[in-house]
Amino acid sequence: MFKIWKADGGYENHLTQYTKTDGILSLLLFGVMIVNYALLAVLQTRFAWMDENMWLACGFNVFMTAIAILFVKLRKQSLETIGLLKGRWKSSIAIGVILASILFYNNCLSHVIAGSALVSIQKIVTLFVYYFFVSVCEEVVFRGYIGTRICGLIKKRWLAVCVTGLLFVVMHFPYRMIAYGMTLSDLTIHHLGWMADLFITHVVLQLIYLKTNSLYGAVISHWMSNFANQIVM
């Protein structure tokens with residue numbers, strides 16, 4: 001029943017290294033990300049120019065990625081332990097491209113064929129770059145770091161994936177509540193489908209990483225899914 005959680009050998013070897021300290025650091029990183037995105041939302045709501053400047057948001061995502069890498073280095077671990085540089089990267093990219101193609105058609109092309117228009121070329125270019133930084137950040141932080149280090153606290157693989165998935169869903173709450181003035185019920189009771197979509201997305205992307213010990217496929221899929229969804233008017 002749980003053969004689906006059988007991991008790549010390299011991924012499996014990395015998990016044996018993690019202790020309770022790594023698990024606690026993963027929760028600390030989650031807390032830093034919550035504060036980071038909440039601060040971004042506050043700045044964007046108070047200063048109009050910040051709301052219109054996506055490069056500021058890119059900077060916040062670069063900052064979070066750097067914090068995750070700093071945590072890795074402080075523990076004297078390699079970037080391979082967060083799915084970068086090594087692993088079965090060719091397989092990961094191939095899976096990512098296939099999934100990204102399906103998602104791009106579903107989130108964008110199908111709507112264009114049905115008659116929807118695209119946003120301006122300038123905005124398409126901006127969104128293309130912006131969602132690259134978003135996907136790299138969220139994949140490194142959640143699938144690369146939290147999704148693996150939390151195994152220092154939770155030994156059951158499927159449970160660790162589910163807990164990280166819940167954290168991934170909750171991570172989106174502060175920004176939306178502050179930036180869009182949404183209440184907790186708006187994000188939960190009235191958006192159950194959105195929450196389920198985020199959780200399922202997490203599981204699929206974690207499986208790509210788990211099976212290939214490479215984060216690249218998850219980044220590509222995440223990137224194209226978000227990008228395609230935002231360029232249709």
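Ser221 is buried, at a relative accessible area of 2%, where buried denotes under 20% relative accessible area, exposed over 50%, and partly exposed the range in between (1.4 Å probe, protein chains only). The model is predicted, so that local features need pLDDT of at least 70 and side-chain atom pairs count only at pLDDT 80 or more, while totals for chains, interfaces and linings use all residues. Residues are numbered from 1 along each chain as its sequence is written, and side-chain values use heavy atoms, with hydrogens and water left out.

Ser221 belongs to helix 11, which covers residues 216-230; helices (H or I, at least four residues) and strands (E, at least two) are DSSP runs, numbered from the N terminus. The side chain of Ser221 reaches the backbone oxygen of Gly96 at 3.4 Å. Setting aside residues up to four places away in sequence, Ser221 touches Gly96, Leu99, Ala100, Leu103, Leu205 and Ile208, contact being defined as heavy atoms within 4.5 Å.

The description now turns to the nonpolar interior. A nonpolar core is a set of buried Ala, Val, Leu, Ile, Met, Phe, Trp, Tyr and Cys residues joined through side-chain atoms within 4.5 Å. The largest such core has 44 residues, of which Leu29, Met33, Val141, Phe142, Ile146 and Met171 touch the most other members. At least two residues of this core come from each of helix 1 (9-15), helix 2 (20-46), helix 4 (54-74), helix 6 (121-149), helix 7 (157-171) and helix 10 (192-212). Apart from this core lies another, of 18 residues, with Ala57, Ala100, Tyr130 and Ala228 among them. What does Met171 contact, leaving aside its neighbours within four places in sequence? Met171 is in contact with Phe30, Met33, Ile34, Tyr37, Glu138 and Phe142.

Ile24, Leu27 and Leu153 make a nonpolar surface patch of about 260 Å². Such patches are made of residues with over 30% relative accessible area and no salt bridge, like charges being joined within 9 Å and nonpolar side chains (Val, Leu, Ile, Met, Phe, Trp, Tyr) within 5 Å; accessible areas come from the Shrake-Rupley method with a 1.4 Å probe, and for residues only the protein chains shown count as cover. Leu153 is located in the loop between helix 6 and helix 7 and, at 38% relative accessibility, counts as partly exposed.

Charged pairs complete the picture. Side chains of opposite charge can pair when their charged atoms come close. The structure holds four salt bridges, each a side-chain nitrogen of Lys or Arg within 4 Å of a carboxyl oxygen of Asp or Glu. One of them joins Arg88 to Asp8, with the closest N and O atoms 3.8 Å apart. This pair links distant parts of the chain, 80 residues apart: Arg88 is in the loop between helix 4 and helix 5 (89-113), and Asp8 in the segment before helix 1. Arg88 is partly exposed, with a relative accessible area of 42%, whereas Asp8 is buried, with a value of 15%.

Arg157 forms a salt bridge with Glu12, the closest N and O atoms being 2.6 Å apart. Here too distant parts of the chain are linked, Arg157 in helix 7 and Glu12 in helix 1, 145 residues apart. Arg157 counts as buried at 16% relative accessibility, while Glu12 is partly exposed, with a relative accessible area of 30%.

Within helix 6, Glu139 and Arg143 lie four residues apart, about one turn of the helix, and their side chains meet in a salt bridge (2.7 Å, N to O). Glu139 is buried, with a relative accessible area of 0%, and Arg143 is likewise buried, with a relative accessible area of 0%.

Terms used. A polar contact is a pair of N or O atoms within 3.5 Å; within protein, one must be able to donate a hydrogen and the other to accept it, and residues adjacent in sequence count only if both atoms are side-chain atoms.
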